Amino acid sequence: MSEIDRAISHSTGRPFHNRSSTSLGGGCINQASRITGEDGREYFLKQNHASFLAFFEAEARALTEIRDTQSVRAPEVIAYGQAQDKAFLVLEFIEEGSSSSKSQEKMGAQLAKMHQVEQPHFGWGVDNCIGATPQPNPKHDHWPEFYRDHRLGHQFRLAEKKGRKFQGSEDLLACISSFFSNYTPRPSLLHGDLWGGNASQDKNGEPFIFDPASYYGDREADLAFTYMFGGFSHAFYHAYEREYPLDRGFGVRKVLYNLYHELNHFNLFGGGYASSAQSSIDQLLQAA
Ligand code: ADP
């Protein structure tokens with residue numbers, strides 16, 4: 001029995017013997033596969049270098065925290081650990097179905113419910129990663145400072161290490177509070193990496209979200225990222241707004257929140273993301 005089979009057997013209380021495994025596409029960072037046991041049970045398996053163990057542990061914790069809200073479905077965590085030179089994470093396998101207006105509407109309403117789950121502090125107390133970039137999540141009482149130091153400032157520092165200094169970055173960090181003059185964000189439970197590739201629906205049209213980079217923060221950050229690559233329909237936004245209306249200043253802060261992802265994409269992949277980030281900075285400095 002392999003280490004992974006043993007972990008599944010231990011967690012489920014029934015012996016699991018892997019019969020076959022099929023590699024899955026769609027992921028950006030990890031090797032994902034569907035594994036089937038001799039008894040027909042199926043699981044979703046993610047593997048990466050052993051140094052990813054802490055990230056898998058954080059992902060498992062986030063998935064459990066999302067599931068505990070009983071708002072939007074997230075895969076159940078079966079096991080995680082290290083097998084030989086690899087870290088692994090085993091989750092409930094959820095067969096995907098096709099998207100519909102109804103499933104989008106449900107997802108909007110359920111995400112709004114999840115965002116109503118709050119903690120006293122911003123941050124999370126556990127660091128995780130966004131893509132493959134480490135994401136610091138210290139607990140913090142003040143959102144604009146948290147966002148300045150641990151989101152934008154963090155990504156600007158990583159970019160500088162790669163030799164890229166963005167024009168106006170310091171001015172933007174210095175005036176960050178101006179984007180929050182009439183708005184007080186709440187520390188909501190966030191998915192943290194909510195693009196279309198991390199949200200889906202099962203065969204019955206029930207939405208589910210996965211691959212989180214959770215922390216407690218302004219819910220607008222989750223909403224903003226749904227717009228960056230698309231994949232969410234009008235029904236999704238309409239249902240969200242009905243359940244938990246957004247503040248009117250979201251339109252400007254959306255740019256501020258997606259700048260974090262543009263910088264992260266630049267730091268991970270380089271290329272044209274630098275000019276997207278620079279034009280967001282220019283736009284924000286004009287609005288400030
Ligand atoms: P990565 O961490 O590499 O980005 P993901 O967690 O996004 O990997 O998973 C890769 C793909 O596997 C997703 O695009 C999705 O289609 C599918 N997937 C993710 N979680 C599950 C699951 N629990 N059950 C079935 N398929 C899943």
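This is a predicted model: local features need pLDDT of at least 70, side-chain atom pairs count only at pLDDT 80 or more; totals for chains, interfaces and linings use all residues.
Residues are numbered from 1 along each chain as its sequence is written, and side-chain values use heavy atoms, with hydrogens and water left out.

**View 1**
Glu96 puts a polar side-chain atom 2.7 Å from a ligand oxygen, and Ile94 has a backbone N or O atom 2.9 Å from a ligand nitrogen. For Ile29, a backbone N or O atom sits 3.1 Å from an oxygen atom of the ligand. (A polar contact with the ligand is a pair of N or O atoms within 3.5 Å.) On its own the ligand has 550 Å² of accessible area, and the protein covers 93% of that (Shrake-Rupley method, 1.4 Å probe).

**View 2. His265 in helix α8.**
His265 belongs to helix α8, residues 250-269; helices are DSSP runs of H or I with at least four residues, numbered from the N terminus. With a relative accessible area of 12%, His265 is buried (buried means under 20%, exposed over 50%, partly exposed in between, using a 1.4 Å probe and protein chains only). Setting aside residues up to four places away in sequence, His265 touches Phe225, Met228, Phe229, Gly270 and Tyr273, where contact means heavy atoms within 4.5 Å.

**View 3. Ala221 in helix α6.**
Next up is Ala221, found in helix α6 (residues 219-228). Its relative accessible area is 9%, so Ala221 is buried. Beyond its neighbours within four places in sequence, Ala221 is in contact with Leu190, Tyr215 and Tyr257. His191 lies 30 residues away along the chain, and its C-alpha atom is 9.5 Å from that of Ala221.

**View 4. Ala58 in helix α2.**
Ala58 has its place in helix α2, which spans residues 53-68. Ala58 counts as buried because its relative accessibility is 3%. Not counting residues up to four places away in sequence, Ala58 touches Trp124, Val126, Asp127 and Asn128. Glu95 is 37 residues from Ala58 along the chain, and their C-alpha atoms are separated by 24 Å.

Conventions: Helices (H or I, at least four residues) and strands (E, at least two) are DSSP runs, numbered from the N terminus. A polar contact is a pair of N or O atoms within 3.5 Å; within protein, one must be able to donate a hydrogen and the other to accept it, and residues adjacent in sequence count only if both atoms are side-chain atoms.
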